[in-house]
There are 2 protein chains.
Amino acid sequence: MQDMVRVAVDAMGGDNAPDEIIKGTVEAVNSQQNIFCYLVGKKEVIEPCLQAYSYPKERIEVVHASEKIETAEPPVNAIRKKKDSSIVVALKMVKEGKADAFVSAGSSGAVLVGGQVIVGKIKGIERAPLAPLIPTEKGMSLLIDCGANVDARASHLVQFAQMGTIYMEGVMGISNPTVAIVNIGTEEEKGNALVKETFPLLKECDGINFVGNIEAREIPHGGADVIVCEAFTGNVILKLYEGIGSVMLGAIKKGLMATLKSKIGALLIKSSLKSTMKQFDASQYGGAPLLGLKGLVVKTHGSSKAKEVKNSIIQCQTFKAQDINAKIKEQLGKE
Amino acid sequence: MQDMVRVAVDAMGGDNAPDEIIKGTVEAVNSQQNIFCYLVGKKEVIEPCLQAYSYPKERIEVVHASEKIETAEPPVNAIRKKKDSSIVVALKMVKEGKADAFVSAGSSGAVLVGGQVIVGKIKGIERAPLAPLIPTEKGMSLLIDCGANVDARASHLVQFAQMGTIYMEGVMGISNPTVAIVNIGTEEEKGNALVKETFPLLKECDGINFVGNIEAREIPHGGADVIVCEAFTGNVILKLYEGIGSVMLGAIKKGLMATLKSKIGALLIKSSLKSTMKQFDASQYGGAPLLGLKGLVVKTHGSSKAKEVKNSIIQCQTFKAQDINAKIKEQLGKE
């Protein structure tokens with residue numbers, strides 16, 4: 001199991017658990033030779049479901065966990081009390097080195113809290129940001145932080161810029177990625193207290209390619225590779241991306257059904273529209289890593305289907321191969 | 001001139017000044033009997049341009065102002081030093097009661113600062129928010145605040161909710177409009193320090209129909225009529241709306257030109273797509289008012305064309321007819 005990437009998958013988390021999670025896990029294992037998965041959760045639920053698939057039996061193992069953390073549960077409490085939940089059991093496997101990575105579509109709060117409490121932050125890292133890739137006109141950008149820890153300090157944002165740079169270089173292969181901070185104007189003197197305090201620190205920070213402020217308008221145009229922001233702002237950006245996309249697409253579809261002429265047209269453009277929309281489909285990139293931890297924790301969308309789960313698992317390969325954690329530790333860690 | 005609405009228009013402000021501003025002003029006057037406009041700016045520039053149009057001469061008057069505030073100028077300084085700029089001259093006309101309203105596509109910062117400094121806030125109003133209408137699946141919502149005054153306090157946000165309610169009832173005719181605060185989750189205990197402090201105050205506030213937190217994802221779905229947020233967040237939402245819309249539309253158009261089949265389809269769906277996109281075109285609603293001032297100040301987008309300018313001017317009618325300022329003063333003002 002030397003070159004294997006061992007991924008603990010939360011079989012119980014997300015709107016489509018366990019079916020789509022199990023399907024995605026099987027697909028990941030079938031598509032890649034060097035992936036080994038632990039399906040963590042209720043054995044009596046997972047096993048019957050798993051039997052429907054054909055896959056290399058030696059590369060999927062079911063690990064029993066009797067409890068499940070619900071999305072609505074207060075995360076700190078849930079992590080503390082539900083010791084035998086799929087999230088806690090799987091995170092412990094990462095902590096103990098039994099697994100290289102943890103992938104979950106379950107409660108964001110519990111994954112974020114659990115990641116920090118159980119796996120733990122690399123010494124020297126002040127906060128572990130959640131960093132999803134978002135689609136842009138030019139490809140994709142890393143939005144860092146979209147997590148649950150709001151009201152960040154300037155020093156946190158500087159570390160986000162550094163970790164985001166390491167991620168985009170290592171995992172996405174972008175050399176010298178541009179870094180910008182989200183602001184309400186492009187001029188240096190603009191912004192709220194946090195951004196004003198952070199801007200000069202980013203300017204002076206070695207090892208990042210800081211290009212200044214970015215207005216939200218420029219984010220979908222691909223204005224920078226690494227988009228640094230406080231988690232409240234990041235959450236708004238991420239969710240608005242989803243919301244506008246789905247509303248616009250719905251309106252376009254509805255409009256196309258309005259007349260006979262447009263209905264015929266719709267048939268002709270269907271495949272073209274589909275491939276365009278695919279470009280704006282964040283699911284192709286898999287999940288969002290929680291950076292700065294001692295192991296890899298990947299959060300995928302609560303509504304993830306097999307495809308997202310598969311991509312999230314596959315993504316762990318590159319993360320491990322590029323040894324992102326070691327690079328973060330080397331550049332930002334403290335002994 | 002009893003029932004006339006007198007609007008001072010900044011002829012020099014915006015990317016398309018003075019041509020589109022003058023055109024929009026003429027169109028407003030030609031379309032409505034009770035609108036009188038002052039075109040404020042350089043006489044030698046405005047007059048030749050105005051001669052190209054036919055309109056009732058007694059309802060447009062050119063008011064000379066020799067200076068122009070540029071978008072890049074620091075607003076506080078610009079307002080203080082350029083006493084004979086179109087923005088300062090026009091705002092003084094509102095202050096002195098010569099005009100009922102001021103419409104500008106010029107420097108946001110200068111309009112916001114000038115509105116508060118020259119026209120002045122209603123006594124008791126802590127901050128004057130900029131409140132644009134944004135398109136949604138159901139129609140439109142008021143996004144309050146999108147202005148330049150960031151780092152608001154909880155008491156400011158409560159006033160935004162109250163003023164937003166008065167505006168949506170009076171100007172948009174929505175009875176008992178729903179009010180929500182932008183947050184990273186729907187549960188009451190979520191959020192940053194500001195939102196956590198504001199939530200209970202909104203819950204207890206009389207005269208508003210508070211429905212709780214709104215996640216950014218639900219904004220385009222029309223989740224609430226009045227969307228309350230701090231200006232930094234509001235700015236991000238407003239600009240991201242613009243950015244995603246234009247990028248998606250561009251990608252769809254490009255996709256349609258990809259194959260012969262899709263090109264033919266594109267011809268058939270053209271009018272349907274156009275009317276769908278019109279639904280998401282914020283320009284139909286005119287500009288955004290700066291609420292809580294002693295007079296009406298309306299900021300339209302810097303890239304406004306004649307249509308937006310016209311709609312912004314016409315919008316001033318309803319604002320005056322409904323006496324929004326008197327209602328704000330009555331409910332929130334202090335003697």
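Me: Is Asn176(B) buried, partly exposed or exposed?
Reply: Keep in mind that this is a predicted model. Asn176(B) sits in the loop between helix 6 and strand 7 of chain B. Its relative accessibility is 48%, and the exposed class takes values over 50% while buried means under 20%. So Asn176(B) counts as partly exposed.

Me: And what is the phi of Asn176(B)?
Reply: Asn176(B) isn't a glycine, yet its phi is positive. The value is about 50°.

Me: What span should helix 9 of chain A have?
Reply: Helix 9 of chain A has 20 residues, at 1.5 Å a residue. The rule takes one less than the number of residues.

Me: Where does helix 9 of chain A bend?
Reply: The bend in helix 9 of chain A is about 55°. Its residue is among the buried ones of this helix, a list that also includes Gly265(A) and Leu273(A). The cover over those buried residues includes helix 8 of chain A, plus helix 8 and helix 9 of chain B. The bend is at Ile269(A).

Me: At what angle do helix 6 and helix 11 of chain B pack?
Reply: Two packed helices are described by the angle between their axes and the distance between the axes. For helix 6 and helix 11 of chain B, the axes are 10 Å apart, and the crossing is right-handed. Their contact has five nonpolar, four polar and one charged residues. The packing angle is about 140°.

Technical notes
Residues numbered from 1 in each chain as written. Chains lettered and ligands numbered in written order. Predicted model: local features only at pLDDT ≥ 70, side-chain atom pairs only at ≥ 80, totals over all residues. Heavy atoms only, no water. Helix = DSSP H or I, 4+ residues; strand = E, 2+ residues; numbered from the N terminus. Bend = angle between axes of the 7 residues up to and from the residue. Buried < 20%, exposed > 50% of the residue type's maximum accessible area, 1.4 Å probe, protein only. Contact = heavy atoms within 4.5 Å. Axes fitted to C-alpha atoms, helices over the stretch in contact; angles between N-to-C directions. Left-handed = near helix turned anticlockwise from the far one by under 90°. Nonpolar A, V, L, I, M, F, W, Y, C, P; charged D, E, K, R; others polar.
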